[in-house]
Amino acid sequence: MSTPATVRILMADDHVMFREGLKLLLGLEPGWQIVGEASSLDGLKERVAELQPELLLLDYHMPGGDTAATAAWLRQRHPALKIVLLTGATSPTVFRQLIGCGVHGLQPKLGSGAELVLALQRVLRGETVIHPELAAQAQASDPGLTPRELQVAKMISEGLNNAAMAEHLNLSPKTVDKHRENLMRKLAVSSAAQLVARVKDLGLFE
């Protein structure tokens, strides 16, 4: 009888207790091996390149950068990598942004362990698995922002200027400025302060 292939899993979450619980849960699955952990987005790209996991479990609320942008970067450079995002967010806009970055799964952190394992099994079989409740909420109250505009809005909310955003997103300052203009038009604001207030009112990044 042939031995089932090992599925190499990398976990990225900044809460140690949550990672410990995931290790216990996923360790029960035959052939699943936790090959590494990360507590920040800092160095995550290098960890993926070093460990070559088949599956990355990635928390949305991670220090060290923009999780959606990091996931999109990893999707481009590691096409065989399956990425499943876990989130405790409640914002439909966040759900749309995460779905839009091309991940293979999006699951709530408050869901059950059994649901998560079933979702991961489906992802490993080649499916894209978005939790039904999150998918439904993602369709609600859409302000019409593109994934890139959402990234720029988040960075403006964090106080970054055009030059810093351009460097982080690998775009020209002129392109970033255009995204800023589009944001202000769509959100009907005329200043960065108003944009930050509007983003807060909409709960875009909660």
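Start by selecting T70, a buried residue with a relative accessible area of 9%. Bear in mind as you click around that this is a predicted model. T70 sits in helix α3. Show what surrounds it: setting aside residues up to four places away in sequence, T70 touches L41, L44 and K45.

L44 is among the residues with the most contacts inside the largest nonpolar core, alongside A12, L56, L58, L74, L85 and L98. That core has 27 residues in total. As a general point, nonpolar side chains in soluble globular proteins tend to be buried together.

Now select L56, another of the core residues with the most contacts. What does L56 touch, leaving aside its neighbours within four places in sequence? Its contacts are L10, A12, L44, L74, L81, K82, I83 and V84. L44 turns up again here, in contact with L56 as well as with T70.

Next, jump to L116, in helix α5 (residues 113-124). Is L116 buried or exposed? It counts as buried, at 9% relative accessibility. Beyond its neighbours within four places in sequence, L116 is in contact with L22, L25, L86 and Q107.

Time to zoom out to the whole chain. In cartoon view, you can count 10 helices and 6 strands. The radius of gyration is 18 Å, close to the 17 Å that the globule rule gives for 206 residues, so the chain is as compact as a globular protein of that length. Along its principal axes, the C-alpha trace spans about 65 × 35 × 30 Å.

Of the 206 residues, 44% count as buried. Looking at contacts between residues at least 6 apart in sequence, 65% join residues at least 24 apart.

Finish with a surface view. The accessible surface comes to about 10400 Å², with 54% of it belonging to carbon and sulfur atoms. Colour by charge and you'll have 21 positive and 22 negative side chains, with the centres of the two sets 5 Å apart.

Conventions: Residues numbered from 1 in each chain as written. Predicted model: local features only at pLDDT ≥ 70, side-chain atom pairs only at ≥ 80, totals over all residues. Heavy atoms only, no water. Core = buried A, V, L, I, M, F, W, Y, C linked by side-chain atoms within 4.5 Å. Buried < 20%, exposed > 50% of the residue type's maximum accessible area, 1.4 Å probe, protein only. Contact = heavy atoms within 4.5 Å. Helix = DSSP H or I, 4+ residues; strand = E, 2+ residues; numbered from the N terminus. Rg over C-alpha atoms; globule rule 2.2 N^0.38 Å. Areas by Shrake-Rupley, 256 points an atom, 1.4 Å probe, with all protein chains shown as cover. Lys, Arg positive; Asp, Glu negative; His and termini not counted. Charge placed at Lys NZ, Arg CZ, Asp CG, Glu CD.
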